[in-house]
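Subject: Structure for your files

Hello,

I am passing on the structure we spoke about. Please keep it with your notes; my findings come after it.

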Amino acid sequence: MMALRSLRPEDGEKIQRIAKNIFSSPSQWPSFLFLQAPSTRGWVVEENDSLLGYAIGSIVLDEAELSWIGVLPQFRRQGLGKKLLQAFIQGVQKEGAKQVFLEVRADNGPAIALYDSFGFERIALRRGYYGDADAIVMRLAIGPLRQESPERSRPG
Ligand SMILES: CC(C)(COP(=O)(O)OP(=O)(O)OC[C@H]1O[C@@H](n2cnc3c(N)ncnc32)[C@H](O)[C@@H]1OP(=O)(O)O)[C@@H](O)C(=O)NCCC(=O)NCCS
């Protein structure tokens, strides 16, 4: 069964294993160090003990950054990227993040389409950031989560 769950510190090996099938350059694989950091937040989709995709980033005070999102090629266009991004955004929102930032290669059509569909705005262009491509810096403003607790919704 396919399941979405939060990243665990011991997921490092599995993340590294699938990252190789998602990003060609080792510099784009989430490092063990990053995965263990206290500010790291992440979500994975798992099926029968193997990972199919992940969204990993960090939160500092009220700002979050999405560092990597990836889905194994054979599982793309099935809504997994959307689920992972949504989980990341909702998770950091619960912790008080007001904005989510990310950088994306200007030639990465699928990723930009995904971010656009969530309402991310382009806020800067970093020319030659990736050597062979520019980086687009994107930002999503997220409001505070509405508290639906009984104390607040029922006065008295
Ligand atoms: C970007 C990525 C994570 C999307 O994952 P996914 O599971 O295929 O995405 P979804 O199926 O949830 O797609 C959600 C929406 O994103 C957009 N999208 C995703 N792939 C797209 C593509 N190839 N072309 C156009 N739009 C695309 C669409 O709006 C799509 O909604 P729709 O299917 O209803 O049209 C995936 O393509 C991937 O792993 N790419 C390689 C890694 C990468 O480049 N990551 C980003 C930089 S860190």
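This is a predicted model: local features need pLDDT of at least 70, side-chain atom pairs count only at pLDDT 80 or more; totals for chains, interfaces and linings use all residues.

Residues are numbered from 1 along each chain as its sequence is written.

Overall fold

The chain has 5 helices and 7 strands (DSSP runs numbered from the N terminus, helices being H or I of at least four residues and strands E of at least two). Along the sequence they follow the pattern β-α-α-β-β-β-α-β-α-β-β-α. The radius of gyration is 16 Å, close to the 15 Å that the globule rule gives for 156 residues, so the chain is as compact as a globular protein of that length. That radius is taken over C-alpha atoms, and the rule is 2.2 Å times the number of residues to the power 0.38. The C-alpha trace spans about 60 × 40 × 30 Å along its principal axes.

Of the 156 residues, 23% count as buried. A residue is buried if 20 or more other C-beta atoms lie within 10 Å of its own, exposed if 12 or fewer, and partly exposed in between, with C-beta atoms placed from the backbone. Of the contacts between residues at least 6 apart in sequence, 55% join residues at least 24 apart; a contact requires C-beta atoms, placed from the backbone, within 7 Å.

Nonpolar core

The largest nonpolar core has 29 residues, and those with the most contacts inside it include Trp 43, Ala 55, Leu 84 and Phe 88. Such a core is a set of buried Ala, Val, Leu, Ile, Met, Phe, Trp, Tyr and Cys residues joined through C-beta atoms within 7 Å. Two or more residues each come from β2 (40-47), β3 (50-60), β4, α3, β5 (99-105) and β7 (135-141). The largest share, 6 residues, is that of α3.

Trp 43 sits in strand β2 and counts as buried because it has 22 C-beta neighbours inside 10 Å. Beyond four places in sequence, its contacts include Leu 4, Ser 6, Ala 55 and Phe 88. Ala 55, with the same exclusion, touches residues including Gly 42, Leu 66, Ile 69 and Leu 84.

Ser 6 stands opposite Trp 43 in β2. β1 and β2 pair in the antiparallel sense over 5 bridges (pairing requires at least two DSSP bridges). Strand β1 (residues 2-6) is hardly covered, with 0 buried among its 5 residues.

Ligand shell

How many residues surround the ligand? There are 20, the closest being Arg 76, Gly 81, Lys 82, Pro 110 and Ala 113; the cut-off is a C-beta atom, placed from the backbone, within 6 Å. β4 (63-71), α3 (80-94) and α4 (109-117) are the elements that give two or more residues. The largest share, 6 residues, comes from α4. By type the shell divides into 10 nonpolar, 7 polar and 3 charged residues. Here Ala, Val, Leu, Ile, Met, Phe, Trp, Tyr, Cys and Pro count as nonpolar, Asp, Glu, Lys and Arg as charged, and the others, Gly among them, as polar.

Backbone

Most residues other than glycine have a negative phi. Asn 48, in the loop between β2 and β3, has phi near 45 degrees. Leu 61, in the loop between β3 and β4, has phi near 50 degrees. Asn 48 is exposed, with 8 other C-beta atoms within 10 Å, and Leu 61 is exposed, with 10.

Regards

Notes:
Two residues are in contact if their C-beta atoms, placed from the backbone, lie within 7 Å.
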